[in-house]
Amino acid sequence: MALSTNMAASLVLFSLLLLHFTQAEELMSIDGAPSPSPQAQPIDCGIACEGRCGLSKRPNLCKRSCGSCCKRCKCVPPGTSGNYEACPCYANLTTRKNARKCP
């Protein structure tokens, strides 16, 4: 009787431990950092590009190219120029002549 009680207690502890590890694995990504939330905040490309193109000499052209880059990359670097490290996808888009596509 004592053996079956010990066996049942061990089985319960083992199953709780297994459950704990599977839940922890779901919460962590491969590199050990917490995984991002499944519902990331969508960016409003219109407002982001208004800020990005605020000082442009050709604001309509700037907003149009910024908008297409924003829709593809889902981000726009902060400020009116530069800061491309904040959005690498935005920085890597080029035209057919290998010029930077995004303002």
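Colleague: Where is the place of R52?
Modeller: This is a predicted model, where local features need pLDDT of at least 70, side-chain atom pairs count only at pLDDT 80 or more, and totals for chains, interfaces and linings use all residues. Residues are numbered from 1 along each chain as its sequence is written, and side-chain values use heavy atoms, with hydrogens and water left out. Helices are DSSP runs (H or I, at least four residues), numbered from the N terminus. On that basis, R52 sits in helix 2.

Colleague: Which residue has its backbone oxygen 3.4 Å from a polar atom of the R52 side chain?
Modeller: Happy to look! R52 touches several residues (heavy atoms within 4.5 Å), including P78, G79 and T80. The backbone oxygen at 3.4 Å from the polar side-chain atom belongs to G79.

Colleague: How are the rings of Y84 and Y90 arranged?
Modeller: Good one: a search of the whole structure finds 1 aromatic pair. Rings pair if their centres lie within 6.5 Å, and planes under 30 degrees apart count as stacked. The centres of Y84 and Y90 are 6.3 Å apart with planes at 25 degrees, so the pair is stacked.

Conventions. Helix = DSSP H or I, 4+ residues; strand = E, 2+ residues; numbered from the N terminus. Polar contact = N/O pair within 3.5 Å; in protein donor to acceptor, adjacent residues only side chain to side chain. Phe/Tyr/Trp six-rings, centres within 6.5 Å; stacked < 30°, edge-to-face > 60°. Lists of a residue's contacts leave out its neighbours within four places in sequence.
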